[in-house]
Amino acid sequence: MSQVSSTPRYSPGSSLLGHYSAYEPTVGYPLRGPELLQLPSPSSRYAFSTSRHLGPAPQAGRRSESSSRALVGPRVNTNGNSKSPQGLVGLRNLGNTCFMNSILQCLSNTPDLRDYCLRNTHRTELNNNCRAKAALMEEFAKLTQTLWTSVSSEAISPSDFKTQIQRYAPKFVGYNQQDAQEFLHFLLDGLHNEVNRVAVRPRLPSEDIDHLPDNEKGKRMWNKYLEREDSKVVDLFVGQLKSSLTCSECGYCSTVFDPFWDLSLPIAKKGSGEVSLTDCMRLFTKEDVLDGDEKPTCYRCKTRRKCTKKFTIQKFPQILVLHLKRFSENRVRTSKLSTYVNFPLKELDMREFCSENSMNAVYNLYAVSNHSGNTLGGHYTAYCRNPALGEWYSYNDSRVSPMSSSQVRSSDAYVLFYELASSHSRL
């Protein structure tokens, strides 16, 4: 998805105003843990199974032998009194696909995205230019529908969905180990493109808005972004980041506004070995000094100057995705930080990091994508709060089991999904 931003008044000596949620190096992890074996049932397009894949990986693109009849307007009991396992269905591991299953379960428990799929609203919003190729959104919706309308608790195979995500992003062809956060980026990008309400992205003429107050400039840049990128996915997941550069010589301040789909947070370090999520956010928004080779060119001074850089959040999204940067790469090897990050399940107050203090920025946690193990071997799982029942469950590929809210925090937490507190009273 393209970014729209005002022209920065600083010409960076190095890349300092790029994508703030840039992909981290992909690190893959083999599966671990016991395997179960059971024959699949062809009762659904998504074949049911309680097994992980054993032996050689199946051929990429192989479709199930079940009916291709589409689900139309399935109904979900949201009162929590149904005996059917709504939303409590596992996903079969097809071979190193725990990263995919973890993210799919987190998205399945995103209430507004789930309802969007269950009501087939996506079919009314398919981009005309993508109608013939909108198979990814359709398969994602059908998979979500199956997870929430199944009368059986047996796990289902996401093979048809995998066929479509690898067509959209060939990186996921085959059964190599992948990174969950990177998969989330590709998936949201693909879903957005297929239901983008903008059929033809217009060419936006450049305009000088640097004379405007920051709040007005931010609104102008947000509206420009929506002229090209406007979908249910954007409605839910996209916010706006403000970057400020201040010249230490003349005091000139330049501001740039960019959309973000998630925030990749560095993990703070403390002597106790435990840090809070707020510590990580403070490190992300900490004022940095750009000096030496990093000096940008000041627009007013017309020469490279020592500057300070700071991030604040101009517009918070309804769904705030926070990626904990546990993996780092150097010339020798890739390493993982197993630091315990203490994050709140309720009332995460982000107003400290707002560009404006009056913003509504209090969030409740509803899903976590976890990675256990290290860079040589590990496994992805998900912890999700069922929006119909209000209880937490552990999703470990085919296995779904209830859990206590006190177990949600762990040093395995990798991607956190928060929802704006005012969005749903059920949280």
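Tyr-299 is partly exposed, with a relative accessibility of 37%. That value comes from a predicted model. The ring of Tyr-299 has a charge over it: the charged end of Lys-302 sits there, 4.2 Å from the ring centre.

Tyr-299 also forms an aromatic pair with Tyr-252. Their centres are 6.2 Å apart, and 40° separates the planes. Tyr-252 lies in the loop between strand E2 (239-247) and strand E3 (253-260). Tyr-299 lies in the loop between strand E7 (297-298) and strand E8 (303-304). The pair therefore ties together parts that are 47 residues apart in sequence. Is Tyr-252 buried or exposed? Tyr-252 is buried, at 17% relative accessible area, because buried means under 20%.

## The Phe-172 and Phe-186 pair

The structure has twelve aromatic pairs. One of them joins Phe-172 and Phe-186. This pair is edge-to-face, with 85° between the planes and 5.5 Å from centre to centre. Phe-172 is in the loop between helix H4 (159-168) and helix H5 (180-194), while Phe-186 is in helix H5. So the pair ties together parts that are 14 residues apart in sequence.

Phe-172 has 5% relative accessibility and counts as buried.

## A charge over Tyr-175

Lys-162 places its charged end over the ring of Tyr-175. The distance to the ring centre is 4.3 Å.

Conventions:
Residues numbered from 1 in each chain as written. Predicted model: local features only at pLDDT ≥ 70, side-chain atom pairs only at ≥ 80, totals over all residues. Heavy atoms only, no water. Phe/Tyr/Trp six-rings, centres within 6.5 Å; stacked < 30°, edge-to-face > 60°. Helix = DSSP H or I, 4+ residues; strand = E, 2+ residues; numbered from the N terminus. Buried < 20%, exposed > 50% of the residue type's maximum accessible area, 1.4 Å probe, protein only. Lys NZ or Arg CZ within 6 Å of the ring centre and 35° of its normal.
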